[in-house]
Amino acid sequence: MSIRRTTKAARGAVAMASAVGLALVVAGCGGDGAGGSKTADKGPGPRSSAPKESGPGTPAADSDEVIGEMKGADGIVVTLHSVVRDSGGFVTVNGTVTNRGSKVFNAVNWRSNESEMRSRSSISGATLVDKAGKKRYLVLRDTNGECLCTTALNAVMPGASRPLFAQFPAPPAKVTEVDFQLPTMPPASVQITD
């Protein structure tokens with residue numbers, strides 16, 4: 001193993017240990033000091049525009065609505081819940097990936113082939129296709145090269161579900177139907193809502 005790889009691995013271990021320690025500190029700071037929680041009398045907290053990465057088995061927030069479904073090999077099913085156009089000029093796709101198979105699923109084949117892409121276990125290879133306008137839209141990236149999409153989509157155990165999302169540049173306002181595509185999966189035609 002080279003020194004560079006060893007250094008990267010050590011930095012990753014330190015970052016992971018720091019994140020775990022911070023999570024434990026934050027978890028210990030909650031409550032009202034009497035063993036109870038004051039969350040019952042608080043109003044709803046601030047809302048994030050990006051879906052939260054939840055633990056295994058947690059479906060996407062609006063999982064009751066199904067607007068499309070993609071079935072792939074080994075029992076992998078992607079259920080699409082919403083495709084929403086934002087006034088900021090992008091479209092957000094929300095869904096759930098479910099492993100109905102018997103093997104652990106890793107989304108390595110769903111990532112982009114771009115060499116500068118930093119997210120290795122993500123759905124960065126997803127696309128939206130405007131068939132009428134003959135245009136393909138790629139997942140947006142931030143300034144650090146990370147996709148604006150679900151990352152760390154690995155080790156999805158049989159029977160487990162994980163939420164997924166991806167943000168794309170918005171097609172023209174007159175475009176209301178697009179195909180959502182993931183590598184290795186059949187496309188799903190979905191309606192864009194405002």
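Is the disulfide of C147 and C149 left-handed or right-handed, and what is the torsion about its S-S bond?

## The disulfide

The torsion about the S-S bond of C147 and C149 is about -70°, so this disulfide is left-handed. The sulfur atoms of C147 and C149 lie 1.9 Å apart, where a disulfide is taken to be a pair of cysteine sulfur atoms within 2.5 Å. The structure holds 1 disulfide. A disulfide is a covalent bond between the sulfur atoms of two cysteines.

C147 is buried, with a relative accessible area of 6%, and C149 is buried as well, at 5%; buried means under 20% relative accessible area, exposed over 50%, and partly exposed in between, with a 1.4 Å probe and protein chains only.

## Basis of the model

This is a predicted model, in which local features need pLDDT of at least 70 and side-chain atom pairs count only at pLDDT 80 or more, while totals for chains, interfaces and linings use all residues. Residues are numbered from 1 along each chain as its sequence is written, and side-chain values use heavy atoms, with hydrogens and water left out.

## The chain as a whole

The chain contains 1 helix and 8 strands, which follow one another from the N terminus as α-β-β-β-β-β-β-β-β; helices (H or I, at least four residues) and strands (E, at least two) are DSSP runs, numbered from the N terminus. Of the 194 residues in the chain, 34% are buried. Contact means heavy atoms within 4.5 Å, and among contacts between residues at least 6 apart in sequence, 61% join residues at least 24 apart.

## A sheet of four strands

An open sheet of 4 strands has the order β5-β4-β7-β8, with antiparallel pairing. Its edge strands are β5 (135–138) and β8 (188–191), each of which pairs on one side only; two strands pair if DSSP finds at least two bridges between them. Strand β4 (residues 127–130) pairs with β7 in the antiparallel sense over 3 bridges.

## D179 in strand β7

D179 belongs to strand β7 (residues 177–181), and V129 stands opposite D179. D179 is buried, with a relative accessible area of 8%. Leaving aside neighbours within four places in sequence, D179 is in contact with T127, L128, V129, K131, P187, A188 and S189.

The side chain of D179 also makes a polar contact with the side chain of S189, at 2.5 Å. A polar contact is a pair of N or O atoms within 3.5 Å; within protein, one must be able to donate a hydrogen and the other to accept it, and residues adjacent in sequence count only if both atoms are side-chain atoms.
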